[in-house]
Amino acid sequence: MAQGWRFQAPVVAVVALGGAAGATARYAAALWCPARSGAFPWTTFWVNVAGCAAMGVLMVAVTEVWDVHRLVRPFLGTGVLGGFTTFSTYAVDLRGLLADGHPGTGLAYLAATPLAALAAVWLASWAARRTLKRRGSPR
């Protein structure tokens with residue numbers, strides 16, 4: 001058990017550090033461009049789309065193109081991008097839109113966010129494969 005913990009402790013540490021960095025960046029984006037009451041939450045929407053696109057590029061890079069240290073993926077993927085994207089805020093924003101009498105905006109947000117996020121990760125993965133593998137990867 002102790003040996004397993006010694007192996008996993010660095011993973012837990014880098015996820016925590018990355019999560020703090022990602023959540024800080026997301027919070028800064030929300031401060032920079034706050035959502036107006038009843039309006040489409042564009043900042044949260046674009047944070048989630050951008051984070052999913054970055055995840056697509058990252059996963060191609062670290063699983064198909066480059067050999068990286070074992071802590072890179074948990075730091076960047078689970079930590080930074082997991083802290084940056086915010087599907088819990090998506091749910092809170094949606095609830096607020098519906099509760100405040102904006103069902104049209106809420107339903108648009110409900111549909112647009114997962115569709116755009118899935119499209120972003122797919123397109124970014126596709127583009128990363130084409131771009132990174134064409135350059136001649138070291139792997």
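Which backbone oxygen does the side chain of Ser125 reach? The structure examined here is a predicted model, in which local features need a pLDDT of at least 70 and side-chain atom pairs count only at pLDDT 80 or more, whereas totals for chains, interfaces and linings use all residues. Residues are numbered from 1 along each chain as its sequence is written, and side-chain values use heavy atoms, with hydrogens and water left out.

The side chain of Ser125 reaches the backbone oxygen of Val121 at 2.7 Å. Ser125 is found in helix 5, where helices are DSSP runs of H or I with at least four residues, numbered from the N terminus. With a relative accessibility of 13%, Ser125 counts as buried, a term that means under 20% relative accessible area, while exposed means over 50% and partly exposed lies in between (1.4 Å probe, protein chains only). When residues up to four places away in sequence are not counted, Ser125 touches Gly56 and Val60, contact being defined as heavy atoms within 4.5 Å.

Helix 5, which spans residues 103–134, is also the place of Leu107. In contrast to the buried Ser125, Leu107 counts as exposed, because its relative accessibility is 51%.

Trp5 lies in helix 1, which covers residues 2–32. Trp5 is likewise exposed, with a relative accessible area of 54%. Between the C-alpha atoms of Trp5 and Leu31, which are 26 residues apart along the chain, the separation is 38 Å.

How values were computed: Helices (H or I, at least four residues) and strands (E, at least two) are DSSP runs, numbered from the N terminus. A polar contact is a pair of N or O atoms within 3.5 Å; within protein, one must be able to donate a hydrogen and the other to accept it, and residues adjacent in sequence count only if both atoms are side-chain atoms.
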